[in-house]
Amino acid sequence: MVLQYRRFLFAGILGAVTVTLSLTPLGLIPVPNLSTYATTMHIPAIIGGIVGGPLVGALVGCILAVFTMHLFLGNLLACFAPRLLIGVVAFYVWKLLGKRDFGIVVASLAGTATNTVGVLGLMVLMGYFRFVQVVPIFLLNGTLELLLSALVVLPIVRVLRKVVRLDFDSRH
């Protein structure tokens with residue numbers, strides 16, 4: 001029971017970081033394309049998934065979705081679905097790859113790709129943008145977000161896994 005409280009508290013802390021990123025320029029990197037920015041706001045969801053498990057990752061992703069709804073032209077599916085999956089995908093990729101540094105990096109890339117491809121893909125599928133409009137976003141934002149995620153997530157997860165005790169039982 002104490003472990004569940006710790007996970008919930010950890011999700012809240014990462015959620016607060018997500019809110020800070022979403023309400024300040026720290027979460028948005030200016031880029032010259034249709035989106036006008038690349039994001040770092042998804043990184044806490046990745047960290048939450050890897051360190052706290054899929055539920056923590058989904059909770060942090062949900063907080064991200066709530067605080068970025070205004071960016072989605074009313075398309076809540078494209079706002080929520082990918083964001084709920086960022087940390088979940090990151091957790092299972094990390095687990096599949098053996099819970100080592102290589103797995104952390106690949107999991108961060110997978111979580112980032114889940115966000116970028118999921119959001120932009122759904123926006124195209126639902127007719128908000130044309131595919132040719134999102135190609136530059138995929139190329140510029142996607143590359144920048146992948147690089148940032150790989151560089152930032154590994155050292156943070158290394159430290160948090162030593163400091164934050166959220167060990168998983170055999171069910172995960």
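Reader: Lys-99 first. Buried, exposed or in between?
Author: This is a predicted model. In it, Lys-99 is partly exposed, because its relative accessible area is 32%.

Reader: Where is Lys-99 found?
Author: Lys-99 sits in the loop between α4 (76-96) and α5 (101-125).

Reader: And what is phi of Lys-99?
Author: Near 55 degrees. That is a positive value in a residue other than glycine.

Reader: Which residue just after α2 takes a positive phi?
Author: Gly-53 does, at about 105 degrees.

Reader: Stay with α2. How many of its residues are buried?
Author: Ten of its ten residues are buried, so α2 counts as mostly covered.

Reader: Which ones are they?
Author: The buried residues of α2 are Ile-43, Pro-44, Ala-45, Ile-46, Ile-47, Gly-48, Gly-49, Ile-50, Val-51 and Gly-52.

Reader: OK, packing. What describes two packed helices?
Author: The angle between their axes and the distance between the axes.

Reader: Then what are those values for α2 and α4?
Author: The angle is about 45 degrees, and the axes are 7 Å apart. That makes α2 oblique to α4.

Reader: Is the crossing of α2 and α4 left-handed or right-handed?
Author: Right-handed.

Reader: How do α2 and α6 pack?
Author: Helix α2 (residues 43-52) meets helix α6 (residues 131-163) at an angle of about 40 degrees. Their axes are 10 Å apart.

Reader: What hand does the crossing of α2 and α6 have?
Author: The crossing of α2 and α6 is right-handed.

Reader: Switching to charges. How many salt bridges?
Author: The count comes to one salt bridge. Arg-158 forms it with Asp-101, and the closest N and O atoms are 2.3 Å apart.

Reader: Which parts does the pair tie together?
Author: Arg-158 lies in helix α6 and Asp-101 in helix α5, so the link joins parts that are 57 residues apart in sequence.

Reader: What about accessibility for Arg-158?
Author: Arg-158 has a relative accessible area of 44%, so this residue is partly exposed.

Reader: Where does Leu-160 lie?
Author: Leu-160 lies in helix α6.

Reader: Buried or exposed, that Leu-160?
Author: Buried. Its relative accessibility is 19%, and the cut-off for buried is under 20%.

Reader: How far apart are Leu-160 and Arg-100?
Author: They are 60 residues apart in sequence. In space, the C-alpha to C-alpha distance between Leu-160 and Arg-100 is 14 Å.

Reader: Now the surface. Which residues make a nonpolar patch?
Author: Leu-23, Val-66, Phe-67, Met-69 and Leu-76 do. The patch covers about 430 Å².

Reader: Where is Phe-67 found?
Author: Phe-67 is in helix α3 (residues 54-68). With 32% relative accessibility, Phe-67 counts as partly exposed.

Reader: Last one, Thr-18. Which helix, and is it buried or exposed?
Author: Thr-18 belongs to helix α1 (residues 2-23). Thr-18 is buried, because its relative accessible area is 0%.

Reader: How far is Thr-18 from Val-117?
Author: Thr-18 and Val-117 are 99 residues apart in sequence. Their C-alpha atoms are 20 Å apart in space.

Terms used: Residues numbered from 1 in each chain as written. Predicted model: local features only at pLDDT ≥ 70, side-chain atom pairs only at ≥ 80, totals over all residues. Heavy atoms only, no water. Patch = residues over 30% accessible without salt bridge, like charges linked within 9 Å, V, L, I, M, F, W, Y side chains within 5 Å. Areas by Shrake-Rupley, 256 points an atom, 1.4 Å probe, with all protein chains shown as cover. Salt bridge = Lys/Arg side-chain N within 4 Å of Asp/Glu carboxyl O. Helix = DSSP H or I, 4+ residues; strand = E, 2+ residues; numbered from the N terminus. Buried < 20%, exposed > 50% of the residue type's maximum accessible area, 1.4 Å probe, protein only. Axes fitted to C-alpha atoms, helices over the stretch in contact; angles between N-to-C directions. Left-handed = near helix turned anticlockwise from the far one by under 90°. Parallel < 35°, antiparallel > 145°, perpendicular 65-115°, else oblique.
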